[in-house]
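Please examine the sequence and the model shown here.

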Amino acid sequence: LNQNISKELERVNYLPNGSYNFFQVSRQVNQSDNHRANLIVDQQLDSANSIKLTINATQTNSQQDLQSSSQTMSIANVLQNESVRDTYSEATGTNVNSNLLYRHRFPKKGRTVSTTFTAAISQNNSDGTLVSTNDFFGPINLERKIAQTNTQRTDNQTYGVQFSYTEPLGNRKYLELNYTLRTNRNDVVRDVYDVLNGSNTYNDTLSNRYKSNYLFNRPGFNIRVNRQKYNFAFGASYQSTRLKGDLLLRDTTIDRSFENILPVVRFNYDFSSFKHLRFDYETSMQEPNIQQLQPVIDNSDPLNLSAGNPNLRPGFAHQFRLSFTQFDPASSLGLFAFLNSTYTTNAIAYSQMVDPQTLVRTSVPVNVADNLRISGNVNFGMPIRKLNGCLLYTSDAADE
């Protein structure tokens, strides 16, 4: 895959005491080679037992070259700062994912048990350079030149097991018991060096060495009821997670534990073979990832910095989905509509802080009390026989 990207950006930033304008022109060249291999073995051992093995492997080599120039202007069109930068990086990545599923059917109809084992290993290595000249204009004019090299190695290992047992309760009702255990280990080593007069000096502010272990436990149950015209299911699970990470260069430990009850409800009604109504309600936890938790500055764009926040809490999301489909084979008239809504408490958003002297922007993830997203879609199709074709009308709406 080869990509040549040219981009022009104009942005207005509103502050409590005014606003300023940001302009950027960039040219980016990306090159990547991807190799994928997949293996699936699905074996029926006998009438009651079966196994399925799935293995996916990916090897990626990539290069990225980016040149950009940026300017920040006051509302009175006075130049506040400007930056010219050139970044280059080469990266390699290897990912292997495996999944082993064992299924068993008991003599009693509807009674089943299944166990899934998962394992995933990935390793990513990158080398890069950053050369930038940044000028700041004000009461005192400043010039900051950056010449840096960086290397990063990321190792990730994920192991898990999932157990599910289904017991028929009679009259087409079923009880499902499930349990999931997963652990994720990460090892990140990022070294940044300042280049001055041909010599490299270690930058311990921008460098990072991070080890983490993420442990996930979730027992739960579901009850399903099947009827001729409709079926519905409801249940809940208890999710307990713990994230422990060590910032080795800063002698800091991140140790966070989270617990939540996660209910779920599903309902499906069939008016006929061609008309269906479906409603789903489910909850989930949205845990912060490793990059969002690490308080390490990313200066790849010197006028727009970013950093993590070790005090992030997971978001708790309630998702509602309502859909209706109808299709008439005789007339070829079709109607499809859906409405989605997600309400999240402690949602993770990005706070932007602006230095009043240099107008350098720093983005940091934070928790906000509430976040609501609503989206909808309506599709209607009908044949146009004289044209031997079809007319399709689509309407979309979204709000956040």
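The protein chain has 1 helix and 17 strands, where helices (H or I, at least four residues) and strands (E, at least two) are DSSP runs numbered from the N terminus. The model is predicted: local features need pLDDT of at least 70 and side-chain atom pairs count only at pLDDT 80 or more, while totals for chains, interfaces and linings use all residues. Residues are numbered from 1 along each chain as its sequence is written, and side-chain values use heavy atoms, with hydrogens and water left out.

**Overall form**

The C-alpha trace spans about 80 × 55 × 40 Å along its principal axes. Of the 400 residues, 32% count as buried, that is, under 20% relative accessible area (1.4 Å probe, protein chains only). Among contacts (heavy atoms within 4.5 Å) between residues at least 6 apart in sequence, 62% join residues at least 24 apart.

**Nonpolar cores**

A nonpolar core is a set of buried Ala, Val, Leu, Ile, Met, Phe, Trp, Tyr and Cys residues joined through side-chain atoms within 4.5 Å. The largest one has 10 residues, including Val-188, Tyr-210, Phe-216 and Leu-312.

S9 gives the largest share, 3 residues. A second, separate core of 5 residues includes Phe-136, Leu-303, Leu-305 and Val-360.

Conventions. Buried < 20%, exposed > 50% of the residue type's maximum accessible area, 1.4 Å probe, protein only.
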